[in-house]
Amino acid sequence: MLRALAELARTGIGPRHLRGFRAAAEREIGLIETALVPLARRKDVTAGPQTAELAREIAGQLDVVRGSIIRAALARLQP
């Protein structure tokens, strides 16, 4: 992450520009937590590992969606 931040700083993108990214990440985490509530409430032994696995799966799918949105927007920017 530090390398990415350093690269961004070289292009003029600094911490103040990244506040929106942090806010978006926190909203995604809230979305994941909401999706996990039913599983996390279970009292059996497998609930913890299943919750962690589902959280990773949801995060991965959100990465795919976010990447697709960004790539589509970049494609519109190209002449």
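Modeller: Before we start, one term: two residues are in contact when heavy atoms of theirs lie within 4.5 Å. Please also keep in mind that this is a predicted model.

Colleague: Thanks! Let me try that term out. Which residues does Thr51 touch, not counting those up to four places away in sequence?

Modeller: Thr51 touches Leu36, Leu39 and Ala40. Thr51 itself lies in helix H3, residues 47-77, while helix H2 covers residues 19-40.

Colleague: Is Thr51 buried or exposed?

Modeller: The general idea is a cut-off: buried means under 20% relative accessible area, and exposed means over 50%. Thr51 has 15% relative accessibility, so Thr51 counts as buried.

Colleague: And which backbone atom lies 2.6 Å from a polar atom of the Thr51 side chain?

Modeller: That is the backbone oxygen of Ala47.

Colleague: Let's turn to Arg19. Where is Arg19 placed, and is Arg19 buried or exposed?

Modeller: Arg19 is in helix H2. With a relative accessibility of 61%, Arg19 counts as exposed.

Colleague: How far is the C-alpha atom of Arg19 from that of Arg42?

Modeller: Those C-alpha atoms are separated by 35 Å, and the two residues are 23 apart along the chain.

Colleague: What about a residue that falls between the two cut-offs?

Modeller: Anything between buried and exposed is called partly exposed. Arg66 is a case in point: its relative accessible area is 31%, so Arg66 is partly exposed. Arg66 lies in helix H3.

Colleague: Which side chain does Arg66 join through a polar contact of 2.6 Å?

Modeller: The partner is the side chain of Glu28.

Colleague: Now let's step back to the whole chain. How many helices and strands are there?

Modeller: There are 3 helices and 0 strands, so reading from the N terminus you go α-α-α.

Colleague: Last one: how many charges does the chain have?

Modeller: The chain has 13 positive and 8 negative charges, and their mean positions are 7 Å apart.

Notes:
Residues are numbered from 1 along each chain as its sequence is written. This is a predicted model: local features need pLDDT of at least 70, side-chain atom pairs count only at pLDDT 80 or more; totals for chains, interfaces and linings use all residues. Side-chain values use heavy atoms; hydrogens and water are left out. Helices (H or I, at least four residues) and strands (E, at least two) are DSSP runs, numbered from the N terminus. Lys and Arg count as positive and Asp and Glu as negative; His and the chain ends are not counted. The place of a charge is taken as NZ of Lys, CZ of Arg, CG of Asp or CD of Glu. Buried means under 20% relative accessible area, exposed over 50%, partly exposed in between (1.4 Å probe, protein chains only). A polar contact is a pair of N or O atoms within 3.5 Å; within protein, one must be able to donate a hydrogen and the other to accept it, and residues adjacent in sequence count only if both atoms are side-chain atoms.
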